[in-house]
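Here is a short report on one predicted model. Look at the structure first, then read on.

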Amino acid sequence: MISCGIDIGSRTIKIALYDGSAVVDSMVTMSGSAPQQIAEECYQQLLNRNDLCSNGIAFTTATGYGRNYFSLADKASSEIICHSAGVAFLCPDAKTIIDIGGQDSKVMQLLDGGKVGDFAMNDRCAAGTGKFIEMVAQTLNIPVASTGALALSSNASCDISSMCAVFAESEVIGLLHKGIPAEVILRGIFDSVAKRVVSLGRKVGFRGPVVFTGGVAQNPGVVAAIQQQLIEHNIVTPNQPQLTGAIGAAIIGYRTAVARNSASASIGACQ
Amino acid sequence: MTDIATQPEQSEKALFDYFKGSISDEIGYMREQKAAGRGIVGFYCEFTPRDLILAAGAMPICLCGTNKNTISHAETLLPANLCPMIKASFGYAVTGGCPLLNDSDLLVAETTCDGKKKMYEVLSRDHKMHVLELTQKPQQEVAFKHWLAEVEELKQTLEQTFDTTITEQKLRDAIKAMNAERRQILAIQQLGKHKPAIVSGLEIAQTRYRVAGFERHHKQMESFLSMAQRRLDEGYQAAPTNAPRILLTGCPTGQGTEKLIEIIEECGGLVVVQEACSGIKGVYEMVSEQGDPLEAIARKHFNIPCSCMTPNSKRETLLATLASEYQADAVIDLVWQACHTYNVESVLIHDFVRDELGLQYMKVETDYSDSDREQLKVRVQTLLELLQ
């Protein structure tokens with residue numbers, strides 16, 4: 001029996017197939033301007049390359065911002081629940097999750113068994129999210145993927161005091177005019193992102209091990225900055241941190257399908 | 001065939017349409033009464049005793065403060081970092097868009113927070129205003145004595161403004177009328193106790209109104225109660241039996257600001273009761289019909305567990321009672337941005353709900369705009385999934 005999890009985020013779409021013990025296949029693509037259409041295309045592509053048809057999928061769970069609009073889903077589940085299920089599978093000892101996505105940052109506390117005990121999420125402010133880092137990279141004219149290594153090449157940091165994405169950009173421009181090197185500014189930006197998320201997480205409390213997920217967890221500069229803020233815990237990052245939500249969604253769907261005993265009904269040959 | 005089958009539904013629709021459009025009825029009624037020489041008293045807060053205004057022969061009207069469109073107008077004079085309720089209320093005065101405010105002979109305000117207090121001073125440049133000074137220590141009898149003196153002073157203002165004498169009998173009659181009205185509103189609120197639900201939280205929220213002592217509205221509320229009884233008899237369910245039951249606490253909602261109730265119910269939850277001035281807070285306790293009537297009026301209003309009180313332990317007592325009576329599964333605390341008292345008090349409410357009631361708690365800080373709907377949905381849906 002195979003279940004599918006699809007995480008339709010603000011910047012990227014992630015899909016994972018799960019067979020009850022392992023992730024069979026997965027895919028990541030940009031959300032673009034027609035996320036629902038792209039999500040359906042990806043879903044179909046993933047099925048095709050695994051010789052599956054839609055009735056060969058026992059259960060499809062959608063999560064992320066587009067979760068309530070994906071017509072092929074059997075169920076929509078919140079990304080907080082899905083990320084937690086994904087982390088519990090990938091890092092069974094995890095007690096706290098930091099998840100920074102395209103426009104949200106969240107900290108979740110895991111109970112034994114992977115259930116969410118408590119969580120905190122940023123409100124409408126974009127500072128400290130993936131979008132914020134993208135914006136700064138654009139201002140500095142540096143590819144986002146290079147920002148982490150560049151920041152780590154600097155021993156110095158600078159203070160970014162603004163709590164607002166727009167004003168932080170003005171601050172970055174001001175620093176550039178003062179002649180501060182881009183790598184120092186990036187360290188300052190990552191330090192400010194780390195301070196924000198750690199302060200958000202203090203509301204629910206950090207217990208180790210702490211797992212960092214979401215697209216921003218791919219940035220070694222942010223990982224190092226959070227580690228520096230949270231010296232009491234070792235920050236762990238899964239191999240593909242972006243996929244955690246999709247994997248969790250697939251796992252939740254698998255469990256639902258088992259609970260409904262729908263396995264026999266859902267296995268059918270492609271017509 | 002279809003006509004008979006859909007008839008009850010049509011009458012429900014007519015009922016809800018009435019509540020949706022009740023403002024125009026209220027304006028019409030107010031104008032009619034004003035033309036007949038009756039005084040109009042506008043007010044903003046549950047601490048204002050409608051009973052006293054009725055006893056003066058005047059019409060008590062709770063003024064509008066829930067329109068997001070008036071906020072930008074208010075911000076031309078007031079600072080932007082005030083709560084949306086103050087700005088929306090003041091925005092009506094700036095735009096002149098509220099006939100209920102425009103036609104008021106007297107405004108009664110109160111000192112629930114610094115923002116409102118100072119806003120009323122600005123408002124008083126163009127409107128006759130009486131400010132009730134709230135005392136803030138509900139456990140102190142001396143505080144009650146001062147509050148009673150404030151209520152007595154309002155009585156004098158009403159007598160002077162409308163050239164009348166508020167007799168003890170008039171007070172007793174007004175208390176009886178207001179208690180009947182409060183009982184009717186309370187009965188509607190108590191429909192949320194049914195499990196499985198026969199009415200949704202949003203449906204209950206639609207029954208709110210502005211004008212006290214409005215006979216037509218009483219009839220419509222009676223129809224609402226009959227409709228609920230009919231639904232009960234027919235086995236109608238407003239939500240699945242296992243829908244998580246939410247006790248909504250904190251700042252009041254109003255027509256146009258039901259965003260959070262909508263989100264909770266769109267995500268599959270059910271708002272069973274609001275521990276807020278827009279819900280049960282103002283009608284949970286009646287005015288005693290024994291003893292000195294003015295003192296009884298003052299006492300009932302003094303007992304409102306608003307976050308402007310310190311300590312506000314009565315709110316915790318009320319939350320505990322409501323959580324049990326309405327079989328709540330979780331508490332969601334609504335804080336309008338920049339409402340400092342509710343915002344800070346949430347620390348205490350969080351601990352009380354988690355530790356004493358053993359329920360899930362979530363705080364939502366927002367304003368009247370729709371910009372954070374999607375983010376709120378993530379949070380609310382997570383909470384609801386955790387409950388299932």
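Begin with B:L158. B:L158 touches B:V41, B:L52, B:I53, B:A56, B:L106, B:D163, B:T164 and B:I166, leaving out residues up to four places away in sequence. Contact here means heavy atoms within 4.5 Å.

A word on conventions. This is a predicted model, in which local features need pLDDT of at least 70, side-chain atom pairs count only at pLDDT 80 or more, and totals for chains, interfaces and linings use all residues. Residues are numbered from 1 along each chain as its sequence is written, chains are lettered from A and ligands numbered from 1 in the order in which they are written, and side-chain values use heavy atoms, with hydrogens and water left out.

## The cores

B:L158 belongs to the largest nonpolar core, which has 83 residues. B:L158, B:F47, B:W147 and B:I332 have the most contacts inside this core. Helix α8 of chain B (residues 141–161) supplies the largest share of this core, with seven residues. Chain A takes part too: domain 1 (2–85 + 243–269) and domain 2 (93–236) each give at least three residues.

Some terms are needed here. A nonpolar core is a set of buried Ala, Val, Leu, Ile, Met, Phe, Trp, Tyr and Cys residues joined through side-chain atoms within 4.5 Å. Buried means under 20% relative accessible area, exposed means over 50%, and partly exposed lies in between (1.4 Å probe, protein chains only). Helices (H or I, at least four residues) and strands (E, at least two) are DSSP runs, numbered from the N terminus. In soluble globular proteins, nonpolar side chains tend to be buried together.

## Two domains in chain A

The domain bounds come from an automatic or database domain assignment. For chain A it gives domain 1 (2–85 + 243–269) and domain 2 (93–236). Their C-alpha centres lie 28 Å apart. Nine residues of domain 1 are in contact with 16 residues of domain 2.

## A pocket

How much space lies in the second largest pocket? About 1200 Å³. A pocket is an open set of points on a 1 Å grid over the protein atoms alone, where a 1.4 Å probe fits, with protein on both sides within 12 Å along at least five of seven lines; lining residues have an atom within 4 Å of a point. Grid points are joined across faces, edges and corners, and the volume is the space filled by probe spheres set on the points.

This pocket is lined by 46 residues. Closest to its centre are A:A120, A:M121, A:D123, A:L200 and A:K203. Elements giving two or more residues to the lining include β8 (116–121) of chain A and α15 (340–357) of chain B. Helix α6(A) gives the most, with nine residues. The lining divides into 18 nonpolar, 15 polar and 13 charged residues. Here Ala, Val, Leu, Ile, Met, Phe, Trp, Tyr, Cys and Pro count as nonpolar, Asp, Glu, Lys and Arg as charged, and the others, Gly among them, as polar.

## Single residues

B:G42 sits in strand β1 (residues 40–43) of chain B. Is B:G42 buried or exposed? B:G42 counts as buried, because its relative accessible area is 0%. Beyond its neighbours within four places in sequence, B:G42 is in contact with B:I61, B:L63, B:S104, B:L106, B:L107 and B:V108.

B:Q189 lies in helix α9 (residues 168–189) of chain B. B:Q189 is also buried, at 7% relative accessible area. Its contacts, not counting residues up to four places away in sequence, are B:I204, B:V272, B:S278, B:G279, B:I280 and B:Y326.

A:Q45 is in helix α1 (residues 35–49) of chain A. A:Q45 is partly exposed, with a relative accessible area of 47%. Its C-alpha atom is separated by 9.2 Å from that of A:M27, 18 residues apart along the chain.

## Backbone exceptions

Most residues other than glycine have a negative phi, and most peptide bonds are trans. The table lists some exceptions.

| Site | Feature | Value |
|---|---|---|
| B:K195 to B:P196 | cis peptide bond | omega near 0° |
| B:T310 to B:P311 | cis peptide bond | omega near -15° |
| A:N141 | positive phi | phi near 60° |
| B:A338 | positive phi | phi near 75° |

B:P311 is in the loop between α13 (293–302) and α14 (313–325) of chain B. A:N141 lies in the loop between α3 (130–140) and α4 (144–152) of chain A. A:N141 counts as exposed, because its relative accessibility is 70%. B:A338 counts as partly exposed, at 26%.
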